[in-house]
Amino acid sequence: MKLRASTWQTVGPFFSIGMKHRYLADIAGADAAGERIAVAGRVLDGDKAPISDAVLEIWQANAYGKYAHSEDAQDKPLDPTFLGHGRIPTDIDGAFAFTTIKPGSVDLPDGRPQAPHLVVGLMMRGLLRRLTTRIYFPGEPLNESDEILQRVDPARRKTLLLAPHAARTGHFRWDVQMQGEAETVFFDF
Amino acid sequence: MGRILPYREFLPGTQPNYLHSPYVSSLRRSPTKPLVRVPQTLSEITGPSWGAKDVVAGACDLTNRHSGSPIGPRIVVSGSVMDEDGRPLASTLVEVWQANAAGRYLHHSDRNSAPLDPNFTGEGHTLTDSQGRYRFVTIRPGEYPWGNHHNAWRPAHIHFSLFGPAFATRLVTQMYFPGDPLLAFDPIFNCTANEEARNRLISRFDWETTLPRESLGYRFDIVLRGRHATPMEEADRHQE
C-alpha cells in the first residue's frame with residue numbers, strides 16, 4: 001500500500017502557542033565540545049520589511065561531525081550532552097540570535113567530506129510550507145568542494161555564508177531575505 | 001561508509017506552492033527564484049529524536065490546564081502517524097495549537113474582538129505510542145475573522161506540527177472539521193491543487209472514539225514522507 005504524504009499548511013501567526021515549549025537558542029549547552037559561535041540576523045520580506053512571525057529550526061552535527069541519530073553510521077564519537085536541535089523565533093524587528101558550536105565535517109555516502117554546515121528550516125505566516133537552507137562558514141577550505149554548495153550559482157553562495165563580526169571573534173551575522181537581489185538560496189531535496 | 005536511503009519526493013500537486021496569490025501574505029514572503037535541487041545527505045536523513053523527558057505528562061489534555069473547564073464542546077482528536085508505506089511512526093513528537101471556542105488565540109497579536117477564555121491556553125503536545133497513535137482531549141475551536149480579504153473567515157482548525165524520523169520528514173499542517181461551510185472559501189485550505197490531498201486535511205467524525213455524555217470523537221491520520229525502496233549512492237541519484 002502506497003499512501004501519500006499529508007499536505008503542508010502554514011504555521012500562521014500564532015505558532016508560538018504550540019512551539020514555545022521547545023524554543024531553544026543555546027543549541028549546544030554548556031558542556032558540549034567544540035568552538036563556540038554566536039549567530040545573529042534578521043528575516044526580511046520582499047519589501048525588506050522585518051518578518052516578526054517567523055521561526056527557524058536548526059539541525060547540526062556535533063564538533064566531530066556526527067549526528068545524534070541512529071542512521072549516522074560514521075565512525076566518530078557522539079557527544080553525550082549534544083542533540084544539535086534549536087528552535088528560534090524572530091522578534092518584533094525580525095531579529096533572531098542563537099549560540100552553538102561549529103559542527104565538524106559530515107561525510108557524504110561516498111566518503112567525501114561536506115564542508116561544516118548547519119541545516120535550517122524556516123517557517124512563518126505567509127509561507128505555506130517550510131523552506132530549507134544551509135549555513136556555511138566563511139574561509140573554510142572544504143567549501144570549495146562541497147557537494148551542495150557546488151550546485152548553487154556562485155553569485156548566490158554568499159547568502160549561505162556567515163559574515164564574521166568585525167571585532168568579536170566567534171560572532172557572526174546571517175540574514176535571510178525572502179525575495180530580491182540578495183534572496184537567500186533555498187533547497188529542495 | 002555506505003549508502004543512505006533517501007526520502008521520496010512529494011507527488012506533484014499534493015503540496016502547496018510557495019506563492020498562492022489568494023493568500024495575500026504569501027506575495028512578499030515566497031521565494032522568487034527556483035529552489036536549488038540537491039541530493040539528500042546525512043544532514044537531511046537525520047533529525048532530532050524526542051523521548052518522554054521532552055514532553056510534559058498530561059500535555060495531551062488541553063482542557064485541564066487551569067482551575068476551571070474551558071468553554072466549548074469537548075472533543076477527542078486522535079489518529080495514527082505513519083509513513084507512505086503505512087508503517088507506524090512511534091515516539092514522534094506531535095504539537096498542536098488552536099483558538100478557543102470563541103475563535104480567539106491566546107496571543108498578543110490576535111486582535112480578534114472575541115473573548116479570551118481564562119481556562120484555555122490552546123497548547124498541547126504528546127509523543128506517538130509504539131503503534132504511531134496519538135490522542136488529544138480539547139475543545140472545538142471557533143471560526144474567526146481575519147484580514148486577508150473582505151469578510152474573510154478561517155474555518156475551524158487545529159494546527160499540527162510533527163517531526164518524524166528526519167529533518168526531511170518535518171510537517172506542519174492544519175486539521176479541519178467535516179462539513180465546515182467555510183472550507184470552500186478559505187485560501188489556506190485551498191492552496192493545495194490536488195483535491196484528494198486537500199480533503200485529507202479534514203478530520204472525520206468517529207463514533208468509536210466518541211465518549212457518551214462527554215465528548216465527540218474526530219479522527220485525523222497523518223502521513224509523513226516515506227523512503228525510496230532501495231538505497232542509492234549519491235552519484236546514482238544525481239543522474240535520475
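Where in chain B does R213(B) lie? This tour of a predicted model returns to that residue after a view of the chain as a whole.

**Chain B as a whole**

Three helices and 12 strands make up its assigned elements. The radius of gyration of chain B is 19 Å, close to the 18 Å that the globule rule gives for 240 residues, so chain B is as compact as a globular protein of that length. Viewed along its principal axes, the C-alpha trace of chain B spans about 60 × 45 × 30 Å.

Next, colour chain B by burial. Of its 240 residues, 42% count as buried. If the contacts are drawn between residues of chain B at least 6 apart in sequence, 72% of them join residues at least 24 apart.

**R213 of chain B**

Now select R213(B) and answer the opening question. R213(B) lies in the loop between β10 (204–205) and β11 (216–219) of chain B. Its phi is near 60 degrees, a positive value in a residue other than glycine. Is R213(B) buried or exposed? With 4 other C-beta atoms within 10 Å, R213(B) is exposed, because the limit for that class is 12 or fewer.

**K48 of chain A**

Move to chain A and select K48(A). This residue is found in the loop between β1 (36–44) and β2 (54–59) of chain A. K48(A), although not a glycine, has a positive phi of about 60 degrees. Because K48(A) has 14 C-beta neighbours inside 10 Å, it counts as partly exposed.

**Where the chains touch**

Show both chains together and select the residues in contact across them. On one side are 63 residues of chain A, and on the other are 73 residues of chain B. Within chain A, the elements that give two or more residues to this side are α1 (16–19), β5 (117–124) and β10 (187–188). Which element of chain A gives the largest share? That element is β5(A), with five residues. Colouring the side of chain A that touches chain B by residue class gives 31 nonpolar, 18 polar and 14 charged residues.

**A strand pair between the chains**

For the last stop, select β10(A) together with strand β1 of chain B, residues 36–37. Two bridges join these strands, which run parallel. Within this pair, select D188(A) and look across to the other chain: R37(B), in β1(B), stands opposite.

Note on methods. Residues numbered from 1 in each chain as written. Chains lettered and ligands numbered in written order. Predicted model: local features only at pLDDT ≥ 70, side-chain atom pairs only at ≥ 80, totals over all residues. Contact = placed C-beta atoms within 7 Å. Helix = DSSP H or I, 4+ residues; strand = E, 2+ residues; numbered from the N terminus. Nonpolar A, V, L, I, M, F, W, Y, C, P; charged D, E, K, R; others polar. Pairing = 2+ DSSP bridges. Buried ≥ 20, exposed ≤ 12 C-beta atoms within 10 Å, placed from the backbone. Rg over C-alpha atoms; globule rule 2.2 N^0.38 Å.
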